[in-house]
Amino acid sequence: MRATARAQPNIALIKYWGKRDTEQNLPAVGSISITLADLFTTMRVEFDDSLPADSLVVNDRQNDAMLPRVSRCLDAVVGGDRSRAAVSSASNFPIAAGLASSASAFAALVVAADAAAEKQHSREQLAGLAGMASGSAARSIYGGFVELANDGDSIRLARLRPAAEWPLNVVVAITATGPKAVGSTQAMETSRETSPFYPRWVEQQQADLDAARAAISDKEFARLATVAEHNCLKMHSVMWASRPPMVYWNATTLECMDAVRQLQADGVPVFFTIDAGPQLKAVCEPTAVDIVRERLAAAPGVEAVMVTGLGAGARLIDDD
Ligand code: DP6
């Protein structure tokens with residue numbers, strides 16, 4: 001009754017921001033992401049009725065704050081009458097800092113729990129279950145370029161391209177560590193309720209999805225760059241215009257953005273994207289990875305840079 005799974009975070013190029021159903025955690029908009037290769041979460045789940053209660057250890061520390069969300073996710077995967085569970089997770093990157101740690105964590109959790117309880121859900125069902133726990137986690141069930149579409153009362157996942165067919169790189173500039181001020185679940189609701197730009201954001205998303213999907217299909221980097229940056233800045237505009245405003249960037253985030261702009265002016269194939277945190281993610285073609293890493297590492301205030309390729313979806317691993 002135990003299993004271990006590994007999943008990588010994904011970075012949205014066309015963003016999920018806003019829910020149409022908070023109960024089922026259904027997104028208000030579709031999204032397109034790339035699953036990373038070298039950042040990962042390893043999740044071990046053991047069901048055992050002799051345990052006094054569910055428990056959660058994250059990076060060697062007991063974590064009671066996240067435990068209710070993890071228990072709910074286990075109920076959804078296995079059923080409410082399941083055995084109690086000991087869950088432990090370890091990530092090789094800073095968690096809760098806008099690096100999509102909940103995506104890799106919940107994708108790995110559903111895969112491990114499904115195997116430990118021998119449920120044999122399909123990949124599509126696992127994606128739905130991961131998405132109920134955290135919207136972006138549904139995308140980490142799959143590798144490479146992934147689209148999450150709204151499909152009536154549920155979500156539908158499409159694999160647009162495997163990682164090997166268009167092996168882009170991502171350079172993550174860490175501009176601050178530590179947990180973010182407002183979690184994305186709450187921030188999305190604030191945006192929906194108060195931002196005057198929110199309805200337009202939802203309305204325009206289909207056009208951005210279509211443009212990005214076509215660019216990925218044609219492997220046209222410049223077209224993907226344009227629509228991804230536009231979509232990212234539009235999402236942050238929604239946040240900035242919310243009440244209270246949510247500004248996730250810091251001065252170093254802007255320094256990094258400026259570094260990317262300068263590289264673009266020199267003809268380097270790179271673009272940026274930023275999620276609900278201050279880190280900047282630069283997506284580039286493999287030929288550009290050295291210069292992008294060098295320039296971002298030299299941007300004033302950058303604490304560290306991480307470089308990764310694109311990788312596979314969540315999967316079981318042997319931990320014995
Ligand atoms: C800005 O998936 O963390 O990273 O469903 O409430 O858990 P919940 O939200 P979450 O939101 C991710 C928001 C984003 C954009 C994206 O990944 O698409």
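I looked up the ligand shell by element, and helix H4 (residues 184-194) supplies its largest share, 3 residues. Helices here are DSSP runs of H or I with at least four residues, strands are E runs of at least two, and both are numbered from the N terminus. The model is a predicted one: local features need pLDDT of at least 70, side-chain atom pairs count only at pLDDT 80 or more, and totals for chains, interfaces and linings use all residues. Residues are numbered from 1 along each chain as its sequence is written, and side-chain values use heavy atoms, with hydrogens and water left out.

Next I asked which residues come nearest to the ligand. Of the 18 around it, they are Tyr16, Lys19, Gly135, Ser136 and Thr185; a residue counts as near if one of its heavy atoms lies within 4 Å. By class I noted 6 nonpolar, 7 polar and 5 charged residues in the shell. Ala, Val, Leu, Ile, Met, Phe, Trp, Tyr, Cys and Pro count as nonpolar, Asp, Glu, Lys and Arg as charged, and the others, Gly among them, as polar.

I then checked polar contacts (pairs of N or O atoms within 3.5 Å). A ligand oxygen is 2.5 Å from a side-chain N or O atom of lysine 19. For serine 136 the corresponding distance is 2.6 Å, and for threonine 185 I found 2.7 Å. The protein covers 93% of the 460 Å² of accessible area that the ligand has on its own (Shrake-Rupley method, 1.4 Å probe).

On to the backbone. I found a cis peptide bond from arginine 243 to proline 244, with omega near 0°. Proline 244 sits in the loop between helix H6 (221-240) and H7. Asparagine 59 has a positive phi, near 50°, though it is not a glycine; I placed asparagine 59 in the loop between strand E7 (55-58) and strand E8 (61-62).

Methods. Polar contact = N/O pair within 3.5 Å; in protein donor to acceptor, adjacent residues only side chain to side chain.
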